[in-house]
Amino acid sequence: AALDFLVVLDEVDIFKQINVIGQVAKPGAYDLTEDLSVIALLNEADGPTPLAALKHAYVQRADMRIPLDLYSLLVSRQPDTEASQFKFEIGDVLVIPENDARFSVMGQVTKPGFYRLSEKPEEATALQALALAGNPLGNADLRNVTITRTVNGNPTILTVDLESQRMGRTPDNTLLKEGDALFVPQRQMYVTGRVAKPGPYDISDNLSVVELMAMTGNPLPGAGLSKAYVMREGQRIPLNLYNVLVTGKPDAEVANFKFQ
């Protein structure tokens, strides 16, 4: 005998939906309920990805773009933001773009290159940028790191003492901005006067007076070895090279001298 089946389907308004696209775990269409909040919608989409630019999210409504700062709502946990009170309408599209803000780290670091600028201030400091770039090389001058930044079309240069920040003597609060170029220079000193090759020289941690003189091609005839000195921050530090280079018997102060 033939069997008759009766199937009853509830009517569903397939047009009463909104869409979420961009940097969320599950982009797609979601039902719009009367009390649907931004947080509830993002929970349905399994939340933003680590690449999300939360500060630059927006809702596309017809031909109108409505900015929606999700960073204050989701990260700063500010309950009374515009995003927390936002009311979706049928056909809205919540767009969470990818964070394309970048900065560069160059110079004496292990991994020079371009890096994504985090929206979190604690992750966007110059010291954190140094860590992202693999930390400094042995001859890096962390006391004179520069940040080149374009302001109103003009490049400006900020000098930062990352050595002091790294040692905890000053706070780690130098914030980078999009497009910044952080440069870690070499530790260098200059040798002038009666030597074969005057000029700049890199400073290593254990550079001795004898090694430095060898790098310069040694003093020329007529050099006043006993009257040599180091200029440091406007002060003259005597450095008697006669004993170390001629007699081979340097005094302890010369033998242990540390260049800066």
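Predicted model: local features only at pLDDT ≥ 70, side-chain atom pairs only at ≥ 80, totals over all residues.
Local features required a pLDDT of at least 70 and side-chain atom pairs a pLDDT of 80 or more, whereas totals for chains, interfaces and linings use all residues. Residues are numbered from 1 along each chain as its sequence is written, and side-chain values use heavy atoms, with hydrogens and water left out.

The largest nonpolar core contains 25 residues, and Leu70, Phe88 and Ile96 have the most contacts inside it. A nonpolar core is a set of buried Ala, Val, Leu, Ile, Met, Phe, Trp, Tyr and Cys residues joined through side-chain atoms within 4.5 Å; buried means under 20% relative accessible area, exposed over 50%, and partly exposed in between (1.4 Å probe, protein chains only). Helix 2 (70–74) is among the elements that supply at least two residues each, and gives the most, with four. Helices (H or I, at least four residues) and strands (E, at least two) are DSSP runs numbered from the N terminus. Apart from this core lies another, of 21 residues, including Leu127 and Val184.

Four salt bridges were found in the whole structure, a salt bridge being a side-chain nitrogen of Lys or Arg within 4 Å of a carboxyl oxygen of Asp or Glu. Arg61, Glu89 and Asp92 are linked in a network of such bridges. The closest N and O atoms are 3.4 Å apart for Arg61 and Glu89, and 2.7 Å apart for Asp92 and Arg61. Asp92 and Arg61 are both buried, whereas Glu89 is partly exposed, at 41%. Asp180 and Arg149 form a further salt bridge (2.7 Å, N to O), and both are buried.
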